[in-house]
Each structure stands twice: as C-alpha cells, then as structure tokens.
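My entries follow the display.

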Amino acid sequence: EVRPCDDHNDQCGYWAAIGECQANPKYMLVMCQASCHSCLGDSGALHERMYQHLEKKISSVRDAHQPQILEASYSPRALVVDRFLSEEECEALKDLARPHLHHAQTINRSTGAAYLDKVRTNSQFYLDRAEHYEDPLVLDIVQRMHRIARVPMGHAEPLQVGRYQKGQFYQTHFDSEPLQGVKRAVTVLVYLDPPQAGGETIFPKHQRCQEDGFEVCCNRLEELVAGEGKGFWVRGQKGQAVIFYSHNLDGQHNALSMHGSCPVREGEKWVAQQWFRIEPYAGSPYFQFLAPKSPGVTGEAESG
Ligand SMILES: O=C(O)CCC(=O)C(=O)O
Ligand SMILES: [Fe+2]
C-alpha cells in the first residue's frame, strides 16, 4: 500500500535533488511525495515549477488560428502577443475615443475641487455606452480579449482607451486594489500606437520605483528595472498585447504586479485596456448582454 506523503524509496532525497520530480513525475510524485514536496498542503516550490512546466507545454502548442503567446514573466503571470489587433482595429479604437478623452482627475474631499492627478497625467475614456459595446468591432475585440485571458465576458469592465502625450506618464500602481473593493483578475493592455521614444510599461518587481523613484527607474531601465528587481518592461509595438494577472492562481494579490507607464519622450502613445474582474461584475456592459437565453423559453407556437 502506498501511503500519501511519504518517501517509499531511500533514494528519493537524492533523486529529488537531481531534478527527477520534474523529469519523471509519474513515478516520483507517487513514490517520493515527501522529497518532491507534493504532499497536500506542502507549499514547496514544486507546484510552482509544475505549473510552469504545464504552461510551457500549453504555450508551445501551435495552432494556425492561435496567436503566438510569449511568456514575459511567471510572477506575475504576464504574456505578450504580437499583432493581437490589426492596424485598422487600432486606428478604429483611437477614432472612437479621440473626441471623448479627458484627463485623470482627483476630487478634493473637502472642497470638491478637481485637481489633475499627479500620479497619472495621461487622458483616457471608457467605451461604456451601448453604441460602443454593441459595436461589432468593439464586441469582437473584447471577445478575443476574453478568450485569450480566459475570464468570462460578464467579468469585463468597459474597454478603456488612453493617450499619453509628450511628458505624460502613469506612476507605478496596482490595477487590482482588493482593499478598495476593486478586484481585477487580469489586464489586457494593447498598444494602439507606440510612441517614438519613452512610454515603456515597466514592472520593476521592487518598491524603489514608486513615486519620486519612478522617473529614475525609467531613465535607467537596465539597471533599476531588469537588474535590481529582475523586473521587465515592454516597449510596445502597434497591435501588441500584454496580458498580466494581478492575482496568483490561489487568488492572492500579487505584489509584483505593480507597474507603470514611463514618460513619453517623443511622439504620442495610445493604449487600450480591458480589465476583467475576479467575479461577475454587475457594472459590466456584457453582464446581461451576452447571457445565454434559458432553454425552454421559446414561443408558445414552437412548443409541443
Ligand atoms: O499605458 C501603460 O503602459 C500602462 C497603463 C496602466 O497601467 C493602466 O492604465 O492601468
Ligand atoms: Fe495599470
């Protein structure tokens, strides 16, 4: 009888050390559970490695209809997809948003006066009216985002389009703020137009790029983003998507999902963002819009 959570061979420790848990999991995860940290409740690093292994397998499956997905980071899970949107789609989204763009503002609680946000100086607009979200072009784009992110349509916020002009930026922040009641599972960020210089999306994976440290990090990406925290950045190409998950697979908020948009140095930067919440979202334009009709609710004439 094989009892769980034991080693059943005195070589288990040695085999685990030389990587047999990954190389030969069929045997090892049964016979060497303790050494492989695969017991229930054992939070050893193995599960993470197993997931990495599985995801590599998944992402190596090529299908003519599937865009190629590159892994930019494991924690937070971040994927990059080239040409996720066509040039025409990028231009169409810019055209839809252009007349409506407005600057991010913060409202002073006591005076009610609106101030321009210091953390975020760009302009943005939510495509939140029926004529936007029922637009076949927008609907098709959001559906593709939903399929690639693997979160249901009813979790989708309205699609947002943002523009950064020269000098504009968005300092490091989290897209998901569970303590404020905003729980976003995933962000699908698409570069509708990359700037000529600057405007990188950075994931520094450490605290020192916050607020006053932000510009310094943007000026020294290699040293302070890639070096210091083993973080990464994306320069952005037209139509390219970055898909990142602000929570781990167990639902925990991932502190490494902190990111920002460096100041644009030359030209304009346009992006579209689609956020999908952790749960079905009553404020979603697609909450009821795409709900399947319940079976059996057909006209009288059709029954019997
Ligand atoms: O524009 C970017 O590169 C990032 C934007 C962003 O992080 C946001 O709008 O939440
Ligand atoms: Fe963000």
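This is a predicted model: local features need pLDDT of at least 70, side-chain atom pairs count only at pLDDT 80 or more; totals for chains, interfaces and linings use all residues.

**Entry: strand 7 and its neighbours**

I looked up the pairing between strand 7 and strand 16 (residues 269-277) and found 5 bridges. The two strands run antiparallel.

Next I checked strand 6 (residues 123-127) against strand 7. This pair is also joined by 5 bridges, and it runs antiparallel. Here I wrote down that Leu127 has Leu159 of strand 7 as its bridge partner.

**Entry: burial of strand 7**

How many residues of strand 7 (residues 159-164) are buried? I got 6 of the 6, so the strand is largely enclosed by the rest of the structure. I then took the faces one at a time. On one side I listed Leu159, Val161 and Arg163, which are all buried. On the other I listed Gln160, Gly162 and Tyr164, and these are buried as well. Both faces are therefore covered, in keeping with the burial of 6 of the 6 residues.

**Entry: disulfides**

I turned to the cysteines. The structure holds 4 disulfides. I worked through several of them.

I began with Cys12 and Cys32, whose sulfur atoms sit 2.0 Å apart in a disulfide. The pair links distant parts of the chain, 20 residues apart. Cys12 is in helix 1 (residues 12-17). Cys32 is in the loop between helix 3 (25-31) and helix 4 (46-60). The S-S torsion of Cys12 and Cys32 is about -70°, so I logged this disulfide as left-handed. Cys12 and Cys32 are both buried.

I went on to Cys21 and Cys36, joined by a disulfide with an S to S distance of 2.1 Å. Cys21 lies in helix 2 (residues 20-23) and Cys36 in the loop between helix 3 and helix 4, so the pair ties together parts 15 residues apart in sequence. Which hand does the disulfide of Cys21 and Cys36 have? The torsion about its S-S bond is about -90°, so it is left-handed. I found both Cys21 and Cys36 buried.

I then looked at Cys209 and Cys217. Their sulfur atoms are 2.0 Å apart, and they form a disulfide. I read a torsion of about -80° about the S-S bond of Cys209 and Cys217, so this disulfide is left-handed. Cys209 and Cys217 are buried.

**Entry: one more cysteine**

Is Cys90 buried or exposed? I found a relative accessible area of 0%, so Cys90 is buried.

Note on methods
Residues are numbered from 1 along each chain as its sequence is written. Chains are lettered from A and ligands numbered from 1 in the order in which they are written. Side-chain values use heavy atoms; hydrogens and water are left out. A disulfide is a pair of cysteine sulfur atoms within 2.5 Å. Helices (H or I, at least four residues) and strands (E, at least two) are DSSP runs, numbered from the N terminus. Buried means under 20% relative accessible area, exposed over 50%, partly exposed in between (1.4 Å probe, protein chains only). Two strands pair if DSSP finds at least two bridges between them.
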